[in-house]
Amino acid sequence: MNFKTPIAEQMRPQTLADMVGQSELLGPGKALRNIIKQHVNISLLLWGPPGTGKTSLAQIIAKENDYPFASFNASIDNKAQLNNIINAYKYQTFVLLIDEIHRMTKNLQDFLLPYLENGHVLLVGSTTENPIMSIVPAVRSRCQIFEFNPLTEDDIAAVLNKACTKVLKLVDHQVEKNSLNLIAAAADSDLRIALNILETVHALNPKKITLANVKSFTKQQFFSYDKKATKHYDYLAAYSDSMAGSDTDAALYYLAILLKNGDLASVVRRLREIPYTYIGLANPQQVTQIVTAANQAEKIGMPKAKYPLMFATMLMCISPKSGAFEEIWERLDQDSDHPIRYPMPNSLRDFHYKHAKEITGAGLAESPFQAPHQIAKQNYMPKGLKGKQYYFPKDNQNERRLYEQYLKLHRYIYGEDYQK
């Protein structure tokens, strides 16, 4: 039986010179290119979007080293299959491509480890996820990690043009201007998807590839991403960072992407937390408004939830920022690591058990409600930390006002005169 090879497979790069994009990794003098050309036997973890050349590069590495090539899919293959692959090349080094290596179980990674150590397996792990988050340290430490960037639309259009000429045997007048650029845009940086679109459009319209035909086919192509994937967390990070940076338009853009991909829950979670982190005491009233809007959005649900979320996002951006709490916590974190070094005053210890006062001296603190101004002039801090300040205000009007009150209280408690 004869099978027709898909265009995507026919256009697969055979040499480093055929690779598209990744010039920062594979250009002259670049690290990954040197590793391959100098035949350095080091395992690799390649991570980045699909359709950017990770699998092709693994095959090229095998050719460059004149090693056998084998592949294993961590999503569907099992330990018995991996063992069979290793036994098939029992007496020689071979290149093993593990696709979706982020899905490989810890036990299977541990099983592979000795073969990496003795050089039997030259691993090329391919993943759309950050391997720092999914690959066990023992395996990771024996690999070099390289991140593949998305291909540009120009990169993809150039390959599509070559496919039209070499594979489809089309001449210039059979490919309408800008039609390949539209396919490249619809593919969202995935060359494999672009070539599949080209093949389908050509099959439906073999005489000519036109803008109208491409538009008709690609109108159902929607951007989407896996909520468990790195890209998802990248967009959440961009959303949060844009609000921290007070860029309203950028924050609204990333909000739209998150909501269009069905991630209302993560947006609500962020808007419940980050107002305290980024705004805090600089604008306590708006913190409350933002959290209330986020809670309301959760109750309403999509599509109407987008309105309170836009409201909350814009308030986050426009409000004065503080960030003081994060710095306060850093100072607290250092002192609270070893509380035994800083014993608290006995008078603050729990006295709700028999003979507590006699045993520990607990409960002997002066009641602040019986003292002038309802503030007792007594030390509450542990030994060695008396009088220490953790809070220093940021430069905004509200915190300056609150800090004045904070200092009055601090000075009064620790010996200086209190003034109303």
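The model is predicted: local features need pLDDT of at least 70, side-chain atom pairs count only at pLDDT 80 or more, and totals for chains, interfaces and linings use all residues. Residues are numbered from 1 along each chain as its sequence is written, and side-chain values use heavy atoms, with hydrogens and water left out.

**Stop 1: helix α20**

Select residues 397–413, which form helix α20. Helices here are DSSP runs (H or I, at least four residues; strands are E, at least two), numbered from the N terminus. Helix α20 has 17 residues and spans 25 Å from its first C-alpha to its last, close to the expected 24 Å. The expected span is 1.5 Å times one less than the number of residues.

Now pick out Asn398, Glu399, Tyr403, Leu407, His410 and Tyr412, which are buried. Buried means under 20% relative accessible area, exposed over 50%, and partly exposed in between (1.4 Å probe, protein chains only). An α-helix has 3.6 residues a turn, so residues three or four places apart point the same way. Which helices do the buried residues of α20 pack against? They pack against α16 (284–300) and α18 (324–336), where contact means heavy atoms within 4.5 Å.

**Stop 2**

To see the contact, select Leu264, Val268, Leu271, Arg272, Pro275, Tyr276 and Ile279 in α15, which meet Val287, Ile290, Val291, Ala294, Asn295, Ala297 and Glu298 in α16. By class, this contact has 11 nonpolar, 1 polar and 2 charged residues. Ala, Val, Leu, Ile, Met, Phe, Trp, Tyr, Cys and Pro count as nonpolar, Asp, Glu, Lys and Arg as charged, and the others, Gly among them, as polar.

**Stop 3: between α15 and α16**

Go to Asn283, in the loop between α15 and α16. Asn283 is buried, at 14% relative accessibility. Leaving aside residues up to four places away in sequence, Asn283 touches Ser319, Pro320 and Asn398. Asn398 is one of the buried residues of α20 from the first stop. For a distance across the model, select Pro206 as well: Asn283 and Pro206 are 77 residues apart along the chain, and their C-alpha atoms are separated by 63 Å.

Next, select Pro284, in helix α16. Pro284 is partly exposed, with a relative accessible area of 29%. From Pro284 to Leu332 is 48 residues in sequence and 22 Å in space, C-alpha to C-alpha.

**Stop 4: backbone exceptions**

Most residues other than glycine have a negative phi, and most peptide bonds are trans. Select Met302 and Pro303, which are joined by a cis peptide bond with omega of about 10 degrees. Pro303 sits in the loop between α16 and α17 (306–318).

Then move to the loop between α9 (153–166) and α10 (179–186), where Lys169 is found. Lys169 has a positive phi of about 60 degrees. Is Lys169 buried or exposed? At 60% relative accessibility, Lys169 counts as exposed. Asn178 is also in the loop between α9 and α10, and its phi is positive, near 75 degrees. Asn178 is partly exposed, at 42%.

**Stop 5: salt bridges**

A salt bridge is a side-chain nitrogen of Lys or Arg within 4 Å of a carboxyl oxygen of Asp or Glu. How many salt bridges does this rule give? The count is 10.

Select Lys394 and Glu327, whose side chains meet in a salt bridge (2.5 Å, N to O). Lys394 lies in the loop between α19 (356–360) and α20 and Glu327 in helix α18, so the pair ties together parts that are 67 residues apart in sequence.

Two other pairs can be selected in turn:

- Arg12 and Glu9 form a salt bridge at 3.2 Å, N to O; Arg12 is buried at 17%, and Glu9 is partly exposed at 38%.
- Arg103 and Glu100 form a salt bridge with the closest N and O atoms 2.9 Å apart; Arg103 is partly exposed at 44%, and Glu100 is partly exposed at 24%.
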